[in-house]
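Please open the structure in your viewer and keep the selection tool at hand. The tour moves from one stop to the next.

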Amino acid sequence: MTSAPPATPVPAGVRATARIRATADGRGGTALPLLTGEGPLALRRTRGEGAEAGVMLVGAMSAPLGGDHLAVEADVGAGARLALATAAATLALPGRGGEPARYDVRLTLEGDAALRWLPEPLVSVRGSDLRVRTRAELAPGARLLLREEQVLGRAGEPGGLLRSRLTVTRAGRPLLDQELACGPGAPAGWDGPAGLAGHRSLGQLLVVDPAFEKDPAAAAVLGEFAAVTPLAGPAVLVTALAPDALRLRELLDAARRTYGW
C-alpha cells in the first residue's frame with residue numbers, strides 16, 4: 001500500500017517591501033541612495049519641487065489580496081526633502097483563503113527633514129479584509145504632511161472590513177495614536193451617527209510643522225462633516241467624511257492649502 005503524496009501547500013500570499021532612503025546631497029538638493037521595490041511595489045523617481053526629490057509608488061500587480069503583507073519604508077535624513085505618492089488608488093481585494101491582508105507604512109524623519117506622503121485613496125472592496133498600520137517617527141525640527149483617504153466599496157457595492165491605525169511620535173514622545181474599524185465585522189456603531197453617519201468616504205490630513213509652536217492652529221469646523229483639531233505638539237489634524245472620493249479630496253485639498261505646503 002502506497003502512501004498518498006503530501007498535499008501541496010497553499011501559498012501564504014505575497015510578501016513585498018518598498019524601501020526609500022533620502023539624504024541631503026550637499027548642493028541644496030536631495031539624493032536617493034536607496035530606492036528599491038519588490039513584487040507589486042515598484043518605485044519610480046519623479047520630478048520634485050526645488051530641493052525636494054519625488055518618488056512614485058507604482059502598483060505592478062493587483063494587491064493587496066487576502067493573505068498578502070505589503071510594506072513601505074521611507075527614511076528621510078537630516079535636511080532632506082521627499083515627496084512620496086502613489087500612481088493610482090489601492091484596491092484591497094479578497095483572497096482565496098479568507099486571510100486578512102496587511103499594509104504597513106513606516107516613515108522616519110531626522111532633524112530638519114520634510115516628507116509629504118500623499119497616496120491616492122485606498123478602496124475597500126466587498127469581501128476584503130485589510131489591516132493598515134502607519135507609523136511615523138519624527139525628530140525635532142522635522143515636518144510631515146500626511147494624507148489618508150479610505151473609500152468603502154467600489155461604485156454600487158458595499159465595502160469590506162477595514163482596520164487602520166496611525167501612530168506618530170515626535171522626539172520620542174507620542175503625538176497621535178488613533179485606530180478605526182469599519183465595514184462588516186467592525187464593532188457595532190461604526191456606521192451610526194457617532195461613526196460614519198452613512199458616508200462611504202473618510203479621510204484625514206495630518207500636518208506636523210515646528211511653525212505651529214509659535215502660531216498654533218485653532219480648532220474649527222470645515223463644513224458639516226470636517227473638523228480641525230490642534231494636537232498637543234506642533235501639529236494639526238483635519239478629519240473629514242464625504243459621500244464619495246471626489247468630495248473627500250476637495251475637503252482635504254482645501255485644508256492642505258490652509259495648513260500644509
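Which residue stands opposite Arg106 in strand 8? Select Glu73, for this is the residue that stands opposite Arg106, and bear in mind throughout that the model is predicted.

Now widen the selection to strand 5, residues 69–76, together with strand 8, and you have two strands that pair in the parallel sense over eight bridges. Strand 8 covers residues 101–109, and seven of its nine residues are buried, so the strand is largely enclosed by the rest of the structure.

Step back to the whole sheet, which is open, has seven strands in the order 2-1-5-8-11-13-14, and shows mixed pairing. Select strand 2 (30–36) and strand 14 (173–182), which stand at the edges with a single partner strand each, so one side of each has no neighbour in the sheet. On average, neighbouring strands of this sheet are turned by 10° against each other, direction ignored.

The last stop is Glu157, which lies in the loop between strand 12 (143–152) and strand 13. Glu157 counts as buried because its relative accessibility is 14%, and the limit for buried is under 20%. Leaving aside residues up to four places away in sequence, Glu157 touches Val125, Arg126, Leu152 and Arg200.

Definitions and conventions
Residues numbered from 1 in each chain as written. Predicted model: local features only at pLDDT ≥ 70, side-chain atom pairs only at ≥ 80, totals over all residues. Heavy atoms only, no water. Pairing = 2+ DSSP bridges. Helix = DSSP H or I, 4+ residues; strand = E, 2+ residues; numbered from the N terminus. Axes fitted to C-alpha atoms, helices over the stretch in contact; angles between N-to-C directions. Buried < 20%, exposed > 50% of the residue type's maximum accessible area, 1.4 Å probe, protein only. Contact = heavy atoms within 4.5 Å.
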